[in-house]
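Please find below a short note on the model under review.

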Amino acid sequence: MTATILDGKATRDEIFIDLKARVDALKAKGITPGLGTVLVGDDPGSASYVRGKHADCAKVGINSLRRDLPADISQAELEAVIDELNANPECTGYIVQLPLPKHLDENAALERIDPDKDADGLHPVNLGRLVLGKEATLPCTPRGVVHLLRRYDVPIDGARVTVVGRGVTIGRPIGLLLTRRSENATVTLCHTGTKDLAAEVRRADIVVAAAGVAGLITADMVKPGAAVLDVGVSRTPDGLRGDVADDVREVAGFISPNPGGVGPLTRAFLLSNVVERAEQLAAESV
Ligand SMILES: NC(=O)C1=CN([C@@H]2O[C@H](COP(=O)(O)OP(=O)(O)OC[C@H]3O[C@@H](n4cnc5c(N)ncnc54)[C@H](OP(=O)(O)O)[C@@H]3O)[C@@H](O)[C@H]2O)C=CC1
Ligand SMILES: Nc1nc(=O)c2c([nH]1)NC[C@@H]1CN(c3ccc(C(=O)N[C@@H](CCC(=O)O)C(=O)O)cc3)C=[N+]21
Ligand SMILES: [Mg+2]
């Protein structure tokens, strides 16, 4: 058996066609959405992700606001840039690229973002609204995972899902999306304290691998026919590697490749969050 590929690039292209039409409609009303990025330091990986986000903006007609800051910036200087974007009417939404250099307080920076401009959906107010079942800006990578599963008709209702990793961008929030009544999955969240990771993965109908450990999920750990989403990224001497070993595709029913799977959708939903916010503002101003 060879797994069906959950094609993130083709799915991203579909989303971009929709977003471009919606941006054109906003522009006809005199509104151009703007995405801001705050990048601190010169980590080449982070710089490359940020470049990708601005290239995506150009494709759908969203304005880009880049704030590239030196690695030794102080917390107060970083917060002044956040305050500027909060006040800037050209900026519909923005992100602070993570991780920040160690001397900076990530949580304090995230909390200072205006929740209405939180394009990542990672502000405590938005995560809290998600927990309460209220309307919120949703985190981009979890949205991408759910969208990809639906796009390829992978059953979610009643499915057993094992998530590997409890990080804030994906592992922690994805269970919140998948256990909503509209998704109705049963979710197990694993981390380095999990006693028998192989057993937890083996009983899953859907595996979300978000640990950032190259090749962590091997074929013997996967139930035949399961859907496996490879989210984690590691920089190795052989280049970028995902969390899922190559031979998993011989066992799985569905697999999202890495690259070419969830990554492009993370970026697509970042833009989607910005367009949705601009549409809300347009509706409020009539
Ligand atoms: N493709 C995409 O679109 C995106 C990819 N990513 C990638 O996804 C990965 C996760 O991101 P993020 O959540 O921010 O990362 P974090 O580093 O915050 O979280 C990693 C998590 O994985 C867990 N973990 C590490 N090793 C193991 C192991 N051997 N067994 C079980 N659990 C393990 C850690 O457990 P513990 O808490 O116990 O330490 C931690 O909870 C990263 O590689 C990141 O680059 C992130 C966002 C988007
Ligand atoms: N505030 C914040 N929000 C994030 O969403 C965030 C972050 N910080 N820090 C880092 C992680 C990582 N992340 C990725 C986004 C896109 C790809 C992506 O598009 N990858 C392509 C390959 C890109 C390439 O080859 O360089 C792919 O998978 O096909 C990957 C990883 C977002 N993150
Ligand atoms: Mg971190």
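The numbered points below refer to the predicted model shown above.

1. Overall count of charged pairs. Side chains of opposite charge can pair when their charged atoms come close. The structure contains 16 salt bridges, and the points that follow take up several of them.

2. Glu14 and Arg151. These two residues form a salt bridge in which the closest N and O atoms are 2.8 Å apart. The pair links distant parts of the chain, since Glu14 belongs to helix α1 (residues 8-28) and Arg151 to helix α6 (residues 140-151), 137 residues apart. Glu14 counts as partly exposed because its relative accessibility is 36%; Arg151, at 35%, also counts as partly exposed.

3. Arg151 and Tyr152. Arg151 has a further contact to note: its charged end sits over the ring of Tyr152, 5.0 Å from the ring centre.

4. Asp83 and Arg112. A salt bridge joins the side chains of Asp83 and Arg112, with an N to O distance of 2.8 Å. Here too distant parts of the chain are linked: Asp83 is in helix α3 (residues 75-87) and Arg112 in helix α4 (residues 106-112), 29 residues apart. Asp83 has a relative accessible area of 31% and is therefore partly exposed. Arg112 counts as partly exposed at 37% relative accessibility.

5. Lys223 and Asp205. The side chains of Lys223 and Asp205 meet in a salt bridge of 2.8 Å, N to O. Lys223 is located in the loop between β7 (206-209) and β8 (227-230), and Asp205 in the loop between α8 (197-202) and β7, so the pair ties together parts that are 18 residues apart in sequence. Lys223 is partly exposed, with a relative accessible area of 28%, and Asp205 counts as partly exposed at 28% relative accessibility.

6. A charged network. Asp18, Arg22 and Glu279 are linked by salt bridges into a network.

7. Nonpolar surface. Which residues form a nonpolar patch on the surface? They are Tyr49, Val233 and Leu240, which together have about 250 Å² of accessible area. Tyr49 lies in helix α2 (residues 44-60) and, at 35% relative accessibility, counts as partly exposed.

8. Annotation. An unreviewed UniProt entry lists residues 6-120 as "domain: Tetrahydrofolate dehydrogenase/cyclohydrolase catalytic". Over residues 6-120, the chain is 50% helix and 16% strand, and the C-alpha atoms at the ends are 23 Å apart.

Note on methods:
Residues are numbered from 1 along each chain as its sequence is written. Chains are lettered from A and ligands numbered from 1 in the order in which they are written. This is a predicted model: local features need pLDDT of at least 70, side-chain atom pairs count only at pLDDT 80 or more; totals for chains, interfaces and linings use all residues. Side-chain values use heavy atoms; hydrogens and water are left out. Patches are made of residues with over 30% relative accessible area and no salt bridge: like charges are joined within 9 Å, nonpolar side chains (Val, Leu, Ile, Met, Phe, Trp, Tyr) within 5 Å. Accessible areas come from the Shrake-Rupley method with a 1.4 Å probe; for residues, only the protein chains shown count as cover. A salt bridge is a side-chain nitrogen of Lys or Arg within 4 Å of a carboxyl oxygen of Asp or Glu. Helices (H or I, at least four residues) and strands (E, at least two) are DSSP runs, numbered from the N terminus. Buried means under 20% relative accessible area, exposed over 50%, partly exposed in between (1.4 Å probe, protein chains only). UniProt positions are given in the numbering used here, feature names are shortened, and annotations may be inferred rather than shown by experiment. A charge sits over a ring if NZ of Lys or CZ of Arg is within 6 Å of the ring centre and within 35 degrees of the ring normal.
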